[in-house]
Structure formats: structure tokens, C-alpha cells
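Q: Could we go through this structure together, a few points at a time?
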Amino acid sequence: MVVRATVPILDLQDFTQGTAAQRQGFIQDMGQALEHTGFFILVRPGIDSEILTPAYDQIQALFALPLGQKQQYEKPELLGQRGYVSFGKEHAKGHSLPDLKEFWHLGRMDNLWPQELPEFAPALTRLYQELDTCAAHLLQAASLYLALPADFLPELVRGGSTILRLIHYPPVPEDAPPGAVRAAPHEDINLITLLCGATTAGLELYQRDGTWLPVPVIPGGIVVDSGDMLQWLTNGLFCSTTHRVVNPIGSNESRYSVPFFVHPRPEVDLTPRFECVTRTGGVPRFGAITATSYLQQRLREIGIAPPV
Ligand SMILES: O=C(O)CCC(=O)C(=O)O
Ligand SMILES: [Fe+2]
């Protein structure tokens with residue numbers, strides 16, 4: 001019998017409102033998912049449609065603005081960390097072809113806001129805050145799984161450089177370079193990513209047997225994955241899984257998705273925790289580095305930051 005792999009599904013309310021046994025079950029299942037798949041789908045994440053719907057309306061309105069207006073908010077000196085990044089700018093590490101996407105970044109502070117859309121700032125600020133709360137629950141559960149104090153990981157990201165990325169993948173242009181895809185295979189740089197509300201399928205994750213597993217779109221669910229910084233800090237116990245977004249087959253429509261990249265504060269030390277080194281064979285696989293040095297190095301690799 002062939003057993004088909006699936007992406008684990010977890011219910012956040014087991015952790016936030018469940019019995020002691022449900023809470024413990026959530027911690028175990030989440031830890032196992034991050035160890036073995038690097039991905040899971042979170043249902044009942046506590047972000048309701050009153051927040052998501054207006055945010056999505058604003059995202060669609062943003063990308064519908066004329067290119068010239070969007071480009072007023074494209075500022076190379078911000079290294080793509082705030083405002084607009086136009087179609088074809090970013091490429092995945094190790095890939096020369098650009099991804100077929102345009103996107104907008106907003107953070108905890110120092111944001112650029114599109115003056116054309118007065119509702120944009122309040123709607124997106126609320127979504128950022130809700131995702132920040134959701135991420136804190138997940139990082140608490142991850143800390144408990146690692147037998148660290150519950151506040152260990154949430155404390156690293158408090159006031160940190162977390163970024164909300166609004167992505168629009170337009171219909172694939174006829175003149176797109178052969179081989180270019182919506183998002184080429186890559187790993188996320190940060191600690192964890194919460195991907196909310198992709199409008200259509202396309203996200204796939206790479207499995208150890210060399211096959212790609214499509215991630216289903218579950219309405220109201222959030223796709224969560226662990227990134228390279230968490231892999232580093234846990235000495236590889238939690239894996240940062242390669243993923244990609246494939247081009248649509250059949251109807252060539254726009255796809256929107258909204259990843260929330262949870263980052264530590266810049267000065268945070270990412271040296272593997274000794275508890276995790278012990279759990280992974282006793283030998284540190286990674287060295288000492290701060291979150292800011294790690295990020296700069298990675299942004300250079302994807303063509304966003306200038307070489308030193
Ligand atoms: O659009 C998606 O579903 C995934 C996007 C992604 O992996 C990324 O921006 O890092
Ligand atoms: Fe990603």
C-alpha cells in the first residue's frame with residue numbers, strides 16, 4: 001500500500017483554550033511537524049474574517065494601482081524591506097531567473113503607506129498585530145517542545161524585525177523567460193513564517209524522497225513553516241524545508257498570498273542552543289552569528305542588498 005504524505009493540520013485552539021492534554025498534544029504535534037516536515041497548516045488561528053476581508057480588499061486595490069504610482073514607493077535604499085518591489089526584481093538564492101511576482105513589505109514601524117488608499121494602513125496594521133499574536137502562541141509552543149522556558153522564543157522576536165509581505169503573482173505573462181516560475185525553490189530566512197490566505201493553489205514543498213508535495217488551500221487556515229534562523233538556532237532539529245510556487249495550469253489568473261516572516265530583533269544571537277545541540281548528537285552544526293549579520297548575508301544572496 002502506498003501511503004501518501006500530507007501536511008499536518010493543527011488546531012490553535014487546542015493550545016490557547018484546550019485542556020492540559022490538548023495543549024500537550026498540540027506542543028508535541030507541532031514539534032514533530034517542524035522536525036519532520038518543516039510545515040503544517042494551522043486551523044482556527046484566531047484571525048477572523050472581519051480582519052482578513054478588509055486587508056485583502058486593500059491588497060487587491062494596491063496592486064491594481066498603475067505601475068507608476070506603485071513605483072513611487074519603490075526605494076532601493078530601503079533594501080526592499082519597506083514599500084513596493086516591482087515584478088521581476090527578486091530571485092531565489094542560487095537562481096538567476098527572477099520570480100514572477102510583485103510585492104509590498106511592511107514592518108512594525110517606519111512604514112511607507114500608499115497615499116492613494118486611506119484604508120490600507122489601518123487594515124494592514126490590524127492584520128500585522130493579529131499575526132504577531134498568533135506567532136507568539138506558536139513560538140511559545142515551540143519553546144515548550146524544546147524544553148526551554150515558554151517565553152524563550154517569543155522574547156527573541158518581541159519588538160523584532162518581522163515583516164508582512166503582500167504578494168501578487170499576476171497571470172503568467174506570455175513573454176516570461178522560459179523556466180521562470182512564480183517563486184523558485186527556496187527556504188525562508190527568518191524564524192517561522194505564517195502564510196495566510198493564499199487565493200489559489202500552487203505552493204509545494206520538497207520532500208526527502210525528491211518529490212514535491214502540494215500544500216492544500218484550507219479557507220481560514222494559515223500555512224506555517226520553519227525558516228533557516230530556527231534551523232540554525234535549534235542546530236537542525238527543526239528543518240527549514242525547501243518550497244516553491246508553481247505556475248498555474250489551465251486558468252491563468254492572479255494569485256495573492258500574504259506571508260508574515262517572523263524575525264528576531266537585530267542583535268539577537270542565533271548560536272545553536274546547547275539543549276538543541278544535545279538533542280541532535282552533541283556537535284554544533286552552525287557557528288555564532290547575530291540575526292542582523294545573517295539577514296544581510298542572505299539579502300545579498302537574493303539580489304536585494306548590495307555586495308560588501
Ligand atoms: O505564495 C506563497 O504561497 C509562498 C510564498 C513564499 O514562499 C515566500 O514568499 O517566501
Ligand atoms: Fe517562502
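Q: In which loop is the place of Asn 235?
A: Asn 235 is placed in the loop between α7 (228-233) and β11. Helices (H or I, at least four residues) and strands (E, at least two) are DSSP runs, numbered from the N terminus.

Q: Before we go on, what conventions apply here?
A: This is a predicted model, in which local features need pLDDT of at least 70 and side-chain atom pairs count only at pLDDT 80 or more, while totals for chains, interfaces and linings use all residues. Residues are numbered from 1 along each chain as its sequence is written, chains are lettered from A and ligands numbered from 1 in the order in which they are written, and side-chain values use heavy atoms, with hydrogens and water left out.

Q: Back to Asn 235: buried or exposed?
A: Asn 235 counts as buried because its relative accessibility is 0%. Buried means under 20% relative accessible area, exposed over 50%, and partly exposed in between (1.4 Å probe, protein chains only).

Q: And what is its phi?
A: Phi of Asn 235 is near 55 degrees, a positive value in a residue other than glycine. Asp 110 also has a positive phi, of about 50 degrees, although it is not a glycine.

Q: Where is Asp 110, then?
A: Asp 110 lies in the loop between β4 and α5. With a relative accessible area of 65%, Asp 110 is exposed, whereas Asn 235 is buried.

Q: New topic: which residues are the protein donors of the iron ion (ligand 2)?
A: They are His 186 through NE2, Asp 188 through OD and His 243 through NE2, lying 2.1 to 2.2 Å from the iron ion. Donors are N, O and S atoms within 2.8 Å of the metal (3.2 Å for Na, K and Ca); water is not among the atoms, so sites may look incomplete.

Q: How are the donor residues spaced in sequence?
A: The spacing is H-x1-D-x54-H. Asp 188 and His 243 link distant parts of the chain, being 55 residues apart. Asp 188 is in the loop between β6 (183-186) and β7 (192-196), and His 243 is in strand β11 (residues 243-245).

Q: Is Asp 188 buried or exposed? What about His 243, buried or exposed?
A: Asp 188 counts as buried at 6% relative accessibility, and His 243 counts as buried at 4%.

Q: On to helix packing: at what angle do α2 and α5 pack?
A: Helix α2 (residues 20-36) and helix α5 (residues 120-145) pack at an angle of about 85 degrees, with their axes 9 Å apart. That makes α2 roughly perpendicular to α5. Axes are lines fitted to C-alpha atoms, for helices over the stretch in contact, and angles run from 0 to 180 degrees between N-to-C directions. Angles under 35 degrees count as roughly parallel, over 145 as roughly antiparallel, 65 to 115 as roughly perpendicular and the rest as oblique.

Q: Which residues meet there?
A: From α2, the residues include Phe 26, Ile 27 and Met 30, and from α5 they include Leu 138, Ala 141 and Tyr 145; contact means heavy atoms within 4.5 Å. By class, the contact of α2 with α5 has eight nonpolar, four polar and two charged residues. Here Ala, Val, Leu, Ile, Met, Phe, Trp, Tyr, Cys and Pro count as nonpolar, Asp, Glu, Lys and Arg as charged, and the others, Gly among them, as polar.

Q: What about Lys 70, buried or exposed?
A: Lys 70, in helix α4 (residues 67-71), is buried, with a relative accessible area of 5%.

Q: Which backbone oxygen does its side chain reach?
A: The side chain of Lys 70 reaches the backbone oxygen of Phe 63 at 2.8 Å.

Q: And with which side chains does Glu 102 make polar contacts?
A: The side chain of Glu 102 makes a polar contact with that of Lys 70 at 3.0 Å and with that of Tyr 84 at 2.5 Å. A polar contact is a pair of N or O atoms within 3.5 Å; within protein, one must be able to donate a hydrogen and the other to accept it, and residues adjacent in sequence count only if both atoms are side-chain atoms.

Q: Where does Glu 102 sit?
A: Glu 102 is in strand β4 (residues 102-106) and is buried, with a relative accessible area of 6%.
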